[in-house]
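Biologist: I am new to this entry. Could you take me through it?

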Amino acid sequence: MLRRKRFWFAIMAILPTFAIFGWVRLFPIIETLRLSMHEWNLLSKNKPFVGFQNFIELFGDNQFLDALTNTAVIAFGAMAVTIPMSMGLAAIIYHRTRSRFAGFYETAVFIPHVVSLVPAAMAWKWIFDAKLGPLNALIMGLGGDALPWLFDPVLSVICIIFLVSWQTLGYGVLIYLVGFRNLPKSVFEAAQLDGANGLQSFLHMSVPLLKPITLYVSVVTLISGFNVYAQAYVLASDTQGAPGRQVRVLVLDMLENSFQNFRVGYAAAEAVILLSIVLLLTLIQFGLLRGKGGR
Amino acid sequence: MSANARVRRSNFLLDVTLFVICILLLTPLILLIANGFKTPQEMLVWPPTLFPKDPTLQNFHKVFTETPLLRWMFNSLTFAILSTIAIVATSALAGYIVGKFPFRTVNVIFILFLATAIIPFEVYMIPLYFQVKALGLLNSVGGLLIGYLVMSFGIFLIRQNVIASIPDELLEAARIDGAGELWIFWYVVLPLLRGPLAALAVLAFFQAWTTFAWPIIVMTRKTSFTIEVGLANFQSAYTIDLSLLSAASAAVMVPSVLAFVLLRRNFVEGIAASGMKE
């Protein structure tokens, strides 16, 4: 009797959330999967089923391949910059936990992560500006040559990696700090007694012990890297009013296909590829965690 | 004594290093604010000046009187507050249920919540756009809100806290005293969840405030832009005036940075919890 009553309370209480969830999350996810197998031109009424035709076409589509390459380079590039830097920085901040400025360090490192993407990207856009920006002024001041940062295809991708890393760094540091605080203290004391210095115990003990955290931060950074959009939109869209070079990224290509070329099914297929990448990365993470002797 | 002195010296060096790194990380934002105070002419000077030679408030005046910046801020604020309320309410109730009512149906629902948690919004936003369109809610805060009513991670965060900090005995005692389930949730459970709910609220607010891809497709009319979309389209809508753009960006950024500094503890708690997902 009582159990039944409790059961019905649970169902009634979770129902509103579940209904919203089904409506704004489950349904559109299933819709994405379904649409990816259909040819839906927004201008026509028919939505014929085309099987894997959209996917086959995508892999011969240079714009998509360009977007996929750029996005992957940005995601892995940002990870390669973020992981070592945030780990090192977190190690120093952790070491100085008792410093008067510990709060300031944490705040300052984290601020780039919380400021809105667009204002932050605006700041960097000026810094990278070829004709007016301080970066080129600095390079020329040091005797180098000015570089067309946001116009050159390779340099503009590097700029985006820089911006993304600057934003992710604070997140990485925060998660690593939690990791450092949870490390067993006794092991480090023992190492110190054996004469290991700070750098040695960092390299030989912290780094391996923090592997699960590294894995987690890597996957989170990669997934958010694959979703990069605002950064490319602001940094590498029409600079100085003139249509400059645009760094094509996955989300941008997807939105263009859907809302400018009106090919919704085709865009959905791109979304499914993005989903597959994310799932693959997550599976790799779980696989690696499991593989480490059930730690 | 000398070992002690060495430790102190190395700590001092580390502090200096950290200070330099922190200042470098903040430099782009400081320069952005400084640009907001420059005259349009000064923005075109080569080599660029780092700090304004004769600071002016002209840009800020112009931004607030001649552009819809306040309107965009208002749109963002309304959206962020409503989204926060929705996410906190749904997460609190659903998180409590999945944490304390281990029926099979409830568990299945929880697994569905969890399974979709890693799927990025960008994957399913196009079909969602057509749902919003069918409801006639494009260019409205309501339409924007539809994308941000629930948060899988929020449900998970509350569930973890319910399991860790609310003993079954407490709930049983209330039931024996004849309390109704809803009464227990409201008067016993919610007060105990104040900390995690505050952390979740801060996360949800910042998530909505900074979102970009969703508002850019749903809010296409200039008066309905959110602040992020408005700023991003600033350059095409107005003559390219970098100092004006910087002033607008700074005006948007400063309040959110201040809010963060004030709410840092809550924020850090929420983010740190996200790292403990495994």
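Predicted model: local features only at pLDDT ≥ 70, side-chain atom pairs only at ≥ 80, totals over all residues.

Modeller: Residues are numbered from 1 along each chain as its sequence is written, and chains are lettered from A and ligands numbered from 1 in the order in which they are written.

Biologist: Where in chain A is confidence lowest, and where highest?

Modeller: The lowest mean, 80, belongs to helix 8 (residues 185-193) of chain A, and the highest, 94, to helix 3 (residues 62-95) of chain A. Helices are DSSP runs of H or I with at least four residues, numbered from the N terminus.

Biologist: Now the chains. How many residues of chain A are in contact with chain B?

Modeller: 74 residues of chain A are in contact with 72 residues of chain B; contact requires C-beta atoms, placed from the backbone, within 7 Å. Helix 1 (residues 2-35) of chain A supplies the largest share of the chain A side, 19 residues.

Biologist: And how do helix 3 and helix 7 of chain A lie to each other?

Modeller: Their axes (lines fitted to C-alpha atoms over the stretch in contact, with angles from 0 to 180 degrees between N-to-C directions) come within 6 Å and cross at roughly 40°. Helix 3 of chain A and helix 7 of chain A are therefore oblique, since angles under 35 degrees count as roughly parallel, over 145 as roughly antiparallel, 65 to 115 as roughly perpendicular and the rest as oblique.

Key
pLDDT = per-residue confidence, 0-100. Helix = DSSP H or I, 4+ residues; strand = E, 2+ residues; numbered from the N terminus. Contact = placed C-beta atoms within 7 Å.
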